Amino acid sequence: MCTSSRTPVGAAPRGLGIAIATAPPARGASRGSCERGVPGLGVGQSWNFVGLDRGSRREDKKKEREWKGPFYFIQGADPQFGLMKAWATGDCDNGGDEWEQEIRLAEQAVQAINKLNPKPKFFVLCGDLVHAMPGRPWRKEQTEDLQRVLRTVDSDIPLVLVSGNHDVGNVPTPETIAEFQRTWGDDYFSFWVGGVLFLVLNSQFLYDASRCPALKQEHDHWLDQQLRTAGQRACRHAVVFQHIPLFLQSIGEDDDYFNLTKSVRKEMADKFVEAGVKAVFSGHYHRNAGGTYRNLDMVVSSAIGCQLGTDTHGLRVVVVTAEKITHRYYSLDELSEKGIEDDLMDLLKEN
């Protein structure tokens, strides 16, 4: 993301045993085909599910709803090819015609993830995949370069993508949402891993859906259904991924470009708490931040790409145990050279 005024991959499935729960059908698809994991839902979904088993047996998917013991995943955010040049020149709207630095950083991130042992259950990117907004110059080229880098993610590590404001527009339209789906996959969906329910939201619907109210209504209805599942305690934990944070430090902070408005954030946070959601992971801020609200952990991760503060380019390691979710941000250099620290690795050995 770039600061501004507040205005309104076709890879084959790899059979990793990750179960895809319900998600909206591709726009125009029949409502009867709404379970992710069923082939043939639309041409755009493959990048969201690189490595996820879309064709596994129903009994295998069911097993993923059962707790099997601790695991970990990697969260990244904002590779945003093109922002570093745009930010350096002070022209976030029209700059961004170079992105070699971001390519190198994304490559370093992928290389660091590929070296990890044991392998993470998945790698999630929380939005702003490229800098060029829909319809702007260099969007196609930035997208192709990022896809080329992401194709080098280890075939045993599923890749999950979240839409950000630069991916669907600050004020999304049906056309920009459809473009994202064709290019990257569904803009919201859910999936299960080892007894944990993960919800991927399109936070632009929470920011400004004035040009696509019907799509927001579908999103909200779907989310309510998912939260009911979580609220029935059918899962060990529930975790949310979205691009824009609910808040940066506290639920009562002032409205800002980098958070959701007070009324929206409070409504969403209360919904999450009541459903038993443990944590919300986001990006957008290009700095590390976060806080808690009624035992809900709001985690804001800095960027793989352009830094707007004093943090380093990095990734977050998230360890899920039976009782808690523990996370730590690593610089790309740290993760590449040293890997995950022993205290986090020890958590994976807990029964």
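This is a predicted model: local features need pLDDT of at least 70, side-chain atom pairs count only at pLDDT 80 or more; totals for chains, interfaces and linings use all residues.
## Helix H4 and its neighbours

The residues in question are Arg-139, Gln-142, Thr-143, Leu-146, Gln-147, Val-149 and Leu-150. Looking down the axis of H4, you will find these buried residues within an arc of 160 degrees, so they line one face of the helix.

H4 itself covers residues 139-150, 12 residues in total, and spans 16 Å from its first C-alpha to its last, close to the 16 Å expected at 1.5 Å a residue. Lys-140 is exposed, with a relative accessible area of 55%, while Glu-144 is partly exposed at 39%.

## A buried asparagine

Asn-202 is worth a look too: it sits in the loop between strand S6 (196-200) and helix H7 (204-207). Its relative accessible area is 0%, so Asn-202 counts as buried. The side chain of Asn-202 makes a polar contact of 3.0 Å with that of Asp-187. Leaving aside residues up to four places away in sequence, Asn-202 touches Ser-163, Val-168, Ile-177, Asp-187, Tyr-188 and His-219.

The largest nonpolar core has 81 residues, of which Phe-123, Leu-246, Phe-272, Leu-315 and Val-317 touch the most other members. H3 gives the most to this core, contributing seven residues. Apart from it lies another core, of 22 residues, including Ala-77, Val-124, Val-162 and Val-320.

Val-317 has contacts on several sides of the sequence: beyond residues up to four places away, it touches Tyr-72, Phe-73, Ile-74, Thr-326, His-327, Arg-328, Tyr-330, Leu-335, Ile-340 and Leu-344.

## Salt bridges

The structure holds 16 salt bridges. One of them pairs Lys-85 with Glu-98, with the closest N and O atoms 3.5 Å apart. Lys-85 belongs to helix H2 (residues 83-89) and Glu-98 to the loop between H2 and H3, so the pair ties together parts that are 13 residues apart in sequence. Both are partly exposed, Lys-85 at 22% relative accessible area and Glu-98 at 47%.

Another salt bridge links Lys-349 and Asp-346, whose closest N and O atoms are 3.6 Å apart. Here Lys-349 is exposed at 64% relative accessibility, and Asp-346 is partly exposed at 42%. Finally, salt bridges with shared partners join Lys-85, Asp-97 and Glu-98 into one network.

Notes:
Residues are numbered from 1 along each chain as its sequence is written. Side-chain values use heavy atoms; hydrogens and water are left out. Helices (H or I, at least four residues) and strands (E, at least two) are DSSP runs, numbered from the N terminus. The expected span of a helix is 1.5 Å times one less than its number of residues. Buried means under 20% relative accessible area, exposed over 50%, partly exposed in between (1.4 Å probe, protein chains only). The arc is that of the directions from the helix axis to the C-beta atoms. A polar contact is a pair of N or O atoms within 3.5 Å; within protein, one must be able to donate a hydrogen and the other to accept it, and residues adjacent in sequence count only if both atoms are side-chain atoms. Contact means heavy atoms within 4.5 Å. A nonpolar core is a set of buried Ala, Val, Leu, Ile, Met, Phe, Trp, Tyr and Cys residues joined through side-chain atoms within 4.5 Å. A salt bridge is a side-chain nitrogen of Lys or Arg within 4 Å of a carboxyl oxygen of Asp or Glu.
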